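Please open the structure in a viewer and keep the sequence at hand. The stops below are given in the order in which they may be selected.

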Amino acid sequence: MARILIIAGGARGRALAGGLVAQGHAVRITTREQAGRAAIEAVGAECWIGTPDRIATLRYALENVTLACWLLGNACGEEPAVRALHGSRLEFFVNQTIDTTVRGLLYEAAGSVAPATLAAGRKLISEKAAFNAIPLRVLDADPGDPHHWCERARTAIAELQSESGRALH
């Protein structure tokens, strides 16, 4: 089983984590504030206080992680900050995964974020993952349909786990 890091521990992230924990995975979810801890721990996941707005707060969240999930398709805030989450912050995060135990990446490319911003993030992470030979899956399921979204996310994670397992043998 994999140790999975979910960046963005909102309701969808917690729902995904609950299913993964039930399958035997160790899941770590990030949240910006201590107030999110109880909801994260209620689904059986480990809580990590950190934010993709400050990548340094996530550096040690990568410890012993096999799969990292960047689930920020519904990120909100000022447009330049949201663009950075799918641009410079994403790039810095992926660079942090080099020389770690991360063997797969999942990028959410659907949601309320501007389509051009998501397309740029998809292009960036695809290039970085290919350059560093890290398997990648792009989640383009509509987050407005949480059941279908979770199903697609679990499928992508299973594929990454299978692919990363083959790469290690």
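The tour goes from the sheet to the helices and then to a single residue.

This is a predicted model, in which local features need pLDDT of at least 70, side-chain atom pairs count only at pLDDT 80 or more, and totals for chains, interfaces and linings use all residues. Residues are numbered from 1 along each chain as its sequence is written, and side-chain values use heavy atoms, with hydrogens and water left out.

First, select the strands (DSSP runs of E, at least two residues, numbered from the N terminus). Six of them form an open sheet with parallel pairing, in the order β3-β2-β1-β4-β5-β6; strands pair if DSSP finds at least two bridges between them. Because β3 (46-49) and β6 (136-139) each have a single partner strand, they stand at the edges, and one side of each lacks a neighbour in the sheet. On average, neighbouring strands are turned by 20 degrees against each other, direction ignored.

Next, select β1 (residues 3-7) and β2 (residues 26-31), which pair in the parallel sense over four bridges. Here I6 has I29 of β2 as its bridge partner.

Finally, select H86, in the loop between α3 (79-85) and α4 (88-97). H86 counts as buried because its relative accessibility is 1%, buried meaning under 20% relative accessible area (1.4 Å probe, protein chains only). Not counting residues up to four places away in sequence, H86 touches residues including L72, Y107, E108 and T117.

Note on methods: Buried < 20%, exposed > 50% of the residue type's maximum accessible area, 1.4 Å probe, protein only. Contact = heavy atoms within 4.5 Å. Axes fitted to C-alpha atoms, helices over the stretch in contact; angles between N-to-C directions.
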